[in-house]
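Me: I am new to this structure and would like to understand the terms used for it. Please take me through them one at a time.

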Amino acid sequence: MEILLDGNLILNKESLFKTLKEQISSDEFYGNSLDALWDVLSYGIDSLVVTIKNRKELEINLGDYFNKLIDLFEELNNKNVVVTFETN
């Protein structure tokens, strides 16, 4: 599975979850929270590629929530889901 997060397009948490739902396309992904994201990503996938474009803008737009999102992806690595980060 691949996820693209672009800091020029994701301006807040609402647009983050809209983007994620469009890319993940799972009936299990309901709710706009990191808990809901965890539920859908931690079951049924073996690998995940997360590409972050315009990282600085994404950090500014999401504030502290950006770090929580990155922590979630790192926790997935600890749960035997291989998460690869690409930044450009």
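Reply: One term to settle at the start is handedness: a crossing is left-handed if the near helix is turned anticlockwise from the far one by less than a right angle, and right-handed if clockwise. The model is a predicted one, in which local features need pLDDT of at least 70 and side-chain atom pairs count only at pLDDT 80 or more, while totals for chains, interfaces and linings use all residues. Residues are numbered from 1 along each chain as its sequence is written, and side-chain values use heavy atoms, with hydrogens and water left out.

Me: Which hand does the crossing of α2 and α4 have?

Reply: The crossing of α2 and α4 is right-handed, helices here being DSSP runs of H or I with at least four residues, and strands runs of E with at least two, numbered from the N terminus.

Me: Why are α2 and α4 called roughly parallel?

Reply: The axes of α2 (residues 34-41) and α4 (residues 64-78) cross at roughly 20° and come within 11 Å. Angles under 35 degrees count as roughly parallel, over 145 as roughly antiparallel, 65 to 115 as roughly perpendicular and the rest as oblique, and α2 and α4 are therefore roughly parallel to each other. Residues making their contact (heavy atoms within 4.5 Å) include Leu37 and Trp38 of α2 and Leu69 and Phe73 of α4.

Me: What makes α3 roughly perpendicular to α4?

Reply: The axes of α3 (residues 55-62) and α4 cross at roughly 115° and come within 5 Å, and that angle makes α3 roughly perpendicular to α4. Among the residues of this contact are Leu58 and Leu62 of α3, together with Tyr65 and Leu69 of α4.

Me: How do you know whether Thr19 is buried or exposed?

Reply: Buried means under 20% relative accessible area, exposed over 50%, and partly exposed in between (1.4 Å probe, protein chains only). Thr19, which is found in α1 (residues 13-24), has a relative accessible area of 16% and is therefore buried. Leaving aside its neighbours within four places in sequence, Thr19 is in contact with Leu4 and Ile10.

Me: What puts the buried residues of α2 on the same side of the helix?

Reply: The buried residues of α2 are Leu34, Ala36, Leu37, Val40 and Leu41. They cover an arc (that of the directions from the helix axis to the C-beta atoms) of only 155° around the axis, so they lie on the same side of α2.

Me: Why is Asn54 called partly exposed?

Reply: Asn54, in the loop between β2 and α3, has a relative accessible area of 23% and is therefore partly exposed.

Technical notes:
Axes fitted to C-alpha atoms, helices over the stretch in contact; angles between N-to-C directions.
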